[in-house]
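The entries below follow the order in which I looked.

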Amino acid sequence: GEDYDLTIAEGLVRGVVAQLFERAPDAGHAVLLGLGDITHADDETAQTQRSGNRLDVDTRHQKVLTATIRLLLWAVERALDRFPKVTVRLLKGNHDEQTAAALSVALGVFFEGHPRVTVDADPGLWWFFRHGRVLLGATHGHTVKADAMPGVMAAERPEDWGRTVHRYILHGHLHHRRVIESLGVPAECFQSPAPKDAYHAGAGYVSGRSMVAITYHAERGEWGRAQVNIPGHRREAAE
């Protein structure tokens, strides 16, 4: 019921990210974190590799890649306008395992040697980052359940776990907002900015759309957040 293509998607995300940067407070370090499935399809077949579900896509995959890398480069440059240091991490999802890797490589080559930009191209399915007494962890969520991630965090980063008191897990995959707390660590699922495709609309999936910027204090944990909600624009029914 909603028109959506590459032009609409790129303009939408640019507008939302610009609003988030405007609303975010000053900070010493910005992390642009992709929670997976930055593209809906991973190749020309327009279906998921694991389950073979058919996907709604906008023509050629190379065209999608071009728009996505253009958007990412713009976002990094905008972040540099606001923050002294920028780190980029694109996690792999079940829809974009190869594409996310290719985008990370492209960004890494483009910003190689840049004094203020770090592109984390680690091929792993999760990401951990310590900021003072804060430990962040993230994964897409298609290979490990959210309530298991605090245990993964403790096992993978025992030193960082021992030196922190505020710990958070961030994930996607489910497309709806949800927080599950395990081992004292909240694991939060975030919404997608994209509308439903035909498969999810037909299956009755319902969730809001938004993007979020979260600020973490090095000593006190989450300090605030800015959220931009994205309203749907359905075509009017014919009378």
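**Entry 1: a charge and a ring.** I began with a definition: a charge sits over a ring if NZ of Lys or CZ of Arg is within 6 Å of the ring centre and within 35 degrees of the ring normal. With that in hand I looked up Arg167, and its charged end sits over the ring of Trp161, 4.1 Å from the ring centre.

**Entry 2: what kind of model this is.** I noted that this is a predicted model, in which local features need pLDDT of at least 70 and side-chain atom pairs count only at pLDDT 80 or more, while totals for chains, interfaces and linings use all residues. Residues are numbered from 1 along each chain as its sequence is written, and side-chain values use heavy atoms, with hydrogens and water left out.

**Entry 3: the three-stranded sheet.** I wrote down that helices (H or I, at least four residues) and strands (E, at least two) are DSSP runs numbered from the N terminus, and that two strands pair if DSSP finds at least two bridges between them. An open sheet of three strands has the order S1-S2-S3, and its pairing is parallel. Strand S1 (30–34) and strand S3 (117–120) are at the edges with a single partner strand each, so one side of each has no neighbour in the sheet. From one strand to the next the twist averages 15°, where axes are lines fitted to C-alpha atoms, for helices over the stretch in contact, and angles run from 0 to 180 degrees between N-to-C directions. S1 and strand S2 (residues 86–90) run parallel and are joined by five bridges, and Leu32 stands opposite Val88 in S2. I then found helix H2 (residues 61–82) packed on this sheet, where H2 touches S1, S2 and S3 and has a direction at about 155° to that of S2; contact here means heavy atoms within 4.5 Å.

**Entry 4: the core.** Which residues have the most contacts inside the largest nonpolar core? They are Leu32, Val76, Val86, Val88 and Leu107, in a core of 23 residues. Such a core is a set of buried Ala, Val, Leu, Ile, Met, Phe, Trp, Tyr and Cys residues joined through side-chain atoms within 4.5 Å, and buried means under 20% relative accessible area, exposed over 50%, and partly exposed in between (1.4 Å probe, protein chains only). Helix H1 (6–23), S1, H2, S2, helix H3 (97–110) and S3 each supply at least two residues of this core, and H2 gives the most, with seven residues. I followed Val76 and, leaving aside its neighbours within four places in sequence, listed its contacts as Leu32, Val86, Val88, Phe111 and Val117.

**Entry 5: aromatic pairs.** I counted four aromatic pairs in the structure, using the rule that rings of Phe, Tyr and Trp (its six-membered ring) pair if their centres lie within 6.5 Å, with planes under 30 degrees apart stacked, over 60 edge-to-face and the rest tilted. One of them is Phe21 with Phe83, an edge-to-face pair at 6.2 Å centre to centre with 65° between the planes. Phe21 lies in helix H1 and Phe83 in the loop between H2 and S2, so this pair ties together parts that are 62 residues apart in sequence. Phe21 is buried at 9% relative accessibility, and Phe83 is buried at 5%. The rings of Trp127 and Phe129 have centres 5.7 Å apart and planes at 10°, so that pair is stacked; Trp127 is buried at 4%, whereas Phe129 is partly exposed at 23%.

**Entry 6: the five-stranded sheet.** Five strands form an open sheet of mixed pairing in the order S4-S5-S6-S8-S7. Strand S4 (126–131) and S7 are the edge strands, each pairing on one side only, and the twist averages 20° from one strand to the next. Helix H4 (residues 149–156) packs on this sheet and touches S4, strand S5 (134–139), S6, S7 and S8, with its direction at about 65° to that of S4. S7 and S8 pair in the antiparallel sense over five bridges, with Val179 opposite Glu188 in S8 and Ile180 opposite Ala187 in S8.

**Entry 7: positive phi.** The hairpin of S7 and S8 has two residues between the strands, and there Leu183 takes a positive phi near 55°. Is Leu183 buried or exposed? At 60% relative accessibility Leu183 counts as exposed. His175 has a positive phi of about 70° although it is not a glycine; His175 is in the loop between strand S6 (166–171) and strand S7 (178–182), and is partly exposed at 31%.
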